[in-house]
Amino acid sequence: MPLSVRPACPQYLHPIAKKEWRRVVPELERLGILTVVDGTALETYCQAYANMVQAATFVNQHGMIFKTPQGCVQQLPQVAIFNKSALIVKAFCQEFGLTPSARGRMVVPGSEDDDKGMEALLEGGSTDWDIRKLEEVGDAPGGVTPDA
């Protein structure tokens, strides 16, 4: 496990990204899931968040479409920027347990759930985590998945 050390906030981040960094880092530290090697992922998330906010602000002010000089109706580039940035933000949130469903699947190192899971594995049993992971890849015990 990498060192649980807060990565430094890059100075070149947009002010919105820096504000998001300051908002999310303390919570990730409290959960015990932030390490020094997570800086690049966190940086990507914060900058994508800033891009998303800026694009949404622009779209809110100008709408989603415009008319070209030739009379064609087109989508503003900021709509695509928002959509791409939102996907990056969503992926980060899922990786770091920042959505309700991600938190439900998460075992925080050193937590009671982590200890119980390790005990069950050492005793030759399986854990809820094992079953959920198997279900995600369609290899649940008995070959049955929850959707089947």
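A crossing of two helices is called left-handed if the near helix is turned anticlockwise from the far one by less than a right angle, and right-handed if clockwise. Welcome to a predicted model, in which local features need pLDDT of at least 70, side-chain atom pairs count only at pLDDT 80 or more, and totals for chains, interfaces and linings use all residues. Residues are numbered from 1 along each chain as its sequence is written, and side-chain values use heavy atoms, leaving out hydrogens and water.

**View 1. Helix 1 passes helix 2 in a right-handed crossing.** Helix 1 (residues 15-31) packs on helix 2 at about 130 degrees, with axes 8 Å apart (helices are DSSP runs of H or I, at least four residues; axes are lines fitted to C-alpha atoms over the stretch in contact, and angles run from 0 to 180 degrees between N-to-C directions).

**View 2. Helix 2 passes helix 3 in a left-handed crossing.** Helix 2 (residues 39-62) and helix 3 (residues 77-95) pack at about 145 degrees, their axes 8 Å apart. The contact includes Tyr49 and Phe58 of helix 2, and Phe82 and Phe92 of helix 3.

**View 3. Residues 126-148 have pLDDT under 50.** pLDDT is the predictor's confidence in each residue, from 0 to 100. Here the model has 19 contacts beyond four places in sequence. Where pLDDT is low, the predicted coordinates should not be read in detail. The protein averages 79, and 72% of the residues score at least 70.

Definitions and conventions. Helices (H or I, at least four residues) and strands (E, at least two) are DSSP runs, numbered from the N terminus. Contact means heavy atoms within 4.5 Å.
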